[in-house]
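Biologist: I am new to this structure, so please take me through a few of its side-chain contacts. Could we begin once it is in view?

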Amino acid sequence: MKTDRFALLCCLFLSAIRLPAQTVRVVESSEALNTSLEEKSPVHFAPERAPELTILVDDKVSYQPIAGFGASLTDSSAWLLKNYLTDDQRKDTLRKLFDSKTGIGLNLLRQPMGSSDFALEDYSYDDLPLGASDPDLKNFSTEKDQRYILPILRESLAMNPALKIIATPWSPPGWMKTSQSMIRGALLPSAYQPLAAYFVKFVLAYQKAGVPIYAVTIQNEPVNVPVDYPGMDMTALEQANFLRDAIGPAFRDAGLKTKIFIFDHNWNLISFPLTVLSDPKAAAFAAGIATHCYGGEATAQLELHNRFPDKEIWFTECSGGDWQKGKLLEQQARLVIQVLRNWSRSVILWNLALDQNHEPYLGGCTTCRGIITMKHEGVSAQVIPTVDFTALGHASKFVRPGAVRIESNTFGSGSLEDVAFRNPDGSIVLLVLNGSNRPMKFNIGWRERYAHYTLAEGSVATFVWEAPLK
């Protein structure tokens with residue numbers, strides 16, 4: 001009996017020697033302390049569990065793949081980057097945005113096809129005098145994008161070759177619409193095939209320019225028809241018809257690998273994608289559903305996933321701005337967490353860069369905030385990361401493309417909120433927000449071991465640890 005006990009103790013001792021202390025990297029941000037992505041002292045997993053709340057992470061249970069994080073290189077953003085920064089400044093800025101080692105590793109850009117509300121002028125790729133038309137698209141040209149948008153996109157791709165571009169029109173050329181203008185109006189039935197060909201030409205032109213297009217959405221905010229910047233009214237039935245009879249077959253016949261996403265509008269309008277996808281022939285061409293944040297709740301994405309589990313969910317636009325009051329970092333981190341906990345593969349915010357006056361803009365939002373602010377006086381500019389840079393960075397710097405969301409419990413608004421991931425190399429990433437009004441002690445539980453941490457009120461922390469692949 002003594003021999004057996006001695007053997008057991010030896011076995012336990014040797015096991016303890018073979019099991020290294022599991023180190024957890026900690027990166028934290030606090031709006032109150034004015035800190036952003038600050039490296040903190042690591043913590044370690046151990047057998048003891050403290051009496052506080054426990055966030056249990058289970059990497060055996062997985063959900064959606066994660067494509068990544070980003071913003072939109074609007075005409076305004078590209079113009080600022082091109083005109084107010086020296087070549088060295090711009091290279092440094094793009095590195096901070098797109099490089100995962102020295103920056104925050106953004107890897108998605110949503111690219112307006114022509115002008116949006118953030119542009120220096122109204123333009124499409126086939127503008128004509130009033131009353132003229134060009135159904136064969138002989139006048140098609142991306143020359144305006146070649147001035148500074150495409151060069152910035154190529155520089156960004158050089159910083160991060162894994163960068164994916166999602167393209168979206170705010171309006172087709174005016175001659176395709178009932179308004180005969182890029183402002184207001186609906187798509188003429190006679191323009192379905194020309195608009196499909198317009199998409200194909202755009203994808204091929206960008207590909208030739210060294211900027212492959214990963215996906216397109218059919219129309220930005222099809223239920224929103226602005227009066228002071230480009231837009232177009234498109235009903236769900238019209239979008240289904242256009243997808244089924246025009247753009248879907250056009251992409252197929254051209255041999256394009258570019259994905260097509262539908263909707264691209266707010267959470268509270270999901271009857272729109274439900275209608276589009278109720279047409280099975282149209283649905284066959286739709287790879288996914290794009291959503292925005294300006295109405296409703298992120299749980300709408302869960303409803304869409306439950307109804308259409310074979311369709312990807314992509315969150316493609318949300319802007320912060322001067323209308324937000326209170327704890328901005330908490331608000332933006334909560335957005336990232338809620339969007340990802342509800343099946344989205346992406347978190348894409350709005351303008352990549354705006355100046356200190358929220359400009360340039362054509363119309364619409366006059367108080368929107370960029371991921372970076374370019375504060376300029378005269379011909380030079382100072383680049384200032386905003387709260388959105390920090391909130392995105394807590395995920396984008398650590399969650400790599402090809403990661404999957406994994407199981408973690410969360411305690412909801414006013415307490416600890418979190419989301420967890422497993423990277424392709426097996427490492428685990430846990431993003432935690434303390435949305436309470438006091439510091440909170442808690443455990444991170446993983447594989448029956450626990451790490452202890454105290455997070456200040458309104459603060460955000462990312463925890464990263466190695467988990468060898470089996």
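**Rings and sulfur links**

Modeller: At 1% relative accessibility, Trp-465 counts as buried, where buried means under 20% relative accessible area, exposed over 50% and partly exposed in between (1.4 Å probe, protein chains only). This is a predicted model, in which local features need pLDDT of at least 70 and side-chain atom pairs count only at pLDDT 80 or more, while totals for chains, interfaces and linings use all residues. Residues are numbered from 1 along each chain as its sequence is written, and side-chain values use heavy atoms, with hydrogens and water left out.

Biologist: What is the geometry of the pair formed by the rings of Tyr-214 and Trp-314?

Modeller: Rings of Phe, Tyr and Trp (its six-membered ring) pair if their centres lie within 6.5 Å, with planes under 30 degrees apart counted as stacked, over 60 as edge-to-face and the rest as tilted. The ring centres of Tyr-214 and Trp-314 are 5.7 Å apart and their planes stand at 45 degrees, so the pair is tilted.

Biologist: Which residue does a disulfide join to Cys-365?

Modeller: A disulfide is a pair of cysteine sulfur atoms within 2.5 Å, and by this rule the count comes to two disulfides. The link in question is right-handed, with 120 degrees about the S-S bond. With an S to S distance of 2.1 Å, the residue joined to Cys-365 is Cys-368.
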